[in-house]
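Visitor: Could you take one part of this model and go through it closely? Then please carry on to the rest.

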Amino acid sequence: MSELTTIARPYAKAAFELAVEKGTVEAWNEMLFFAGQVTSDEQVQTLLSSLATQAEQSEIIIKLCAEQLDEQGQNLIKLMAENERLSAVPAVADLFAEFKAEYDKEIDVNVVSATELAQEQQDKLGAALEKRFARKVKLNCSIDETVVSGLVIKAGDTVIDGSVRGKLDRLAVSLQS
């Protein structure tokens, strides 16, 4: 996957810079997401591998995406097909979404708790995390009863484990050493 990310980065960066320049970041995000979904479909991958030329492959993708792609989006697909990089389209979409989140100063935060959080708790937690990360926070709450009590918060590379399960695990490790 890291190889695809390396291949996709220049395409995503160029698309993002163009989108910022034209003020079409949201439209590009939607286009790339759709194209990424289409190109990652198994049936589409099978069809693409059976075609002889890159031009045929790009035409199939453009036809499947129809009016979802504007002229620049179609040009990106053609360029990626010419360079035999259509398999990287989903990675381009993911990287573009990351660039957009950074640009929008937004971060996705996964919160795992033993019980469902009340709306008031979610609001307080969101406000505290916005202050800590200096960004707009989008909370994704889930329930895992093995947490026992407390919360496990994951935001990008940052993990805050305030759960009883985490404390018990750390205690067990320290007792064993």
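Guide: K154 has V159 of strand 4 as its bridge partner. The model is predicted, so local features need pLDDT of at least 70 and side-chain atom pairs pLDDT 80 or more, while totals for chains, interfaces and linings use all residues. Residues are numbered from 1 along each chain as its sequence is written, and side-chain values use heavy atoms, without hydrogens and water.

Stay with this strand pair. V152 is bridged to D161 of strand 4. Four bridges link strand 3 (residues 151-155) with strand 4, and the two run antiparallel. Strands here are DSSP runs of E, at least two residues, and helices runs of H or I, at least four, numbered from the N terminus. Two strands pair if DSSP finds at least two bridges between them. Strand 3 and strand 4 form a hairpin with two residues between the strands. In that hairpin G156 adopts a positive phi near 65 degrees.

Next, the domains. The chain is assigned domain 1 (1-103) and domain 2 (105-176); such bounds come from an automatic or database domain assignment. Their C-alpha centres are 34 Å apart.

On to the helix pairs. Helix 1 (residues 2-22) packs on helix 6 (residues 89-103) at about 50 degrees, with axes 8 Å apart. Axes are lines fitted to C-alpha atoms, for helices over the stretch in contact, and angles run from 0 to 180 degrees between N-to-C directions. Helix 1 is therefore oblique to helix 6. Under 35 degrees counts as roughly parallel, over 145 as roughly antiparallel, 65 to 115 as roughly perpendicular, and the rest as oblique. The crossing of helix 1 and helix 6 is right-handed, that is, the near helix is turned clockwise from the far one by less than a right angle. Helix 1 brings L4, T5, A8, R9, Y11, A12, K13, A15, F16, A19 and V20 to the contact. Helix 6 answers with A91, V92, L95, F96, F99, K100 and Y103. Contact means heavy atoms within 4.5 Å. By class, this contact of helix 1 with helix 6 has 14 nonpolar, one polar and three charged residues. Ala, Val, Leu, Ile, Met, Phe, Trp, Tyr, Cys and Pro count as nonpolar, Asp, Glu, Lys and Arg as charged, and the others, Gly among them, as polar.

Helix 2 (residues 25-40) and helix 4 (residues 54-65) cross at roughly 120 degrees, their axes coming within 10 Å. Helix 2 and helix 4 are therefore oblique to each other. Their crossing is right-handed. F34, A35, V38 and T39 of helix 2 meet I61, L64 and C65 of helix 4. Six of these residues in the contact of helix 2 with helix 4 are nonpolar, one is polar and none is charged.

Helix 4 also packs with helix 5 (residues 71-82), at about 150 degrees and with axes 8 Å apart. That makes helix 4 roughly antiparallel to helix 5. The crossing of helix 4 and helix 5 is right-handed. Q54, S58, E59, I61 and I62 of helix 4 touch Q74, I77, K78, A81 and E82 of helix 5. The contact of helix 4 with helix 5 divides into four nonpolar, three polar and three charged residues.
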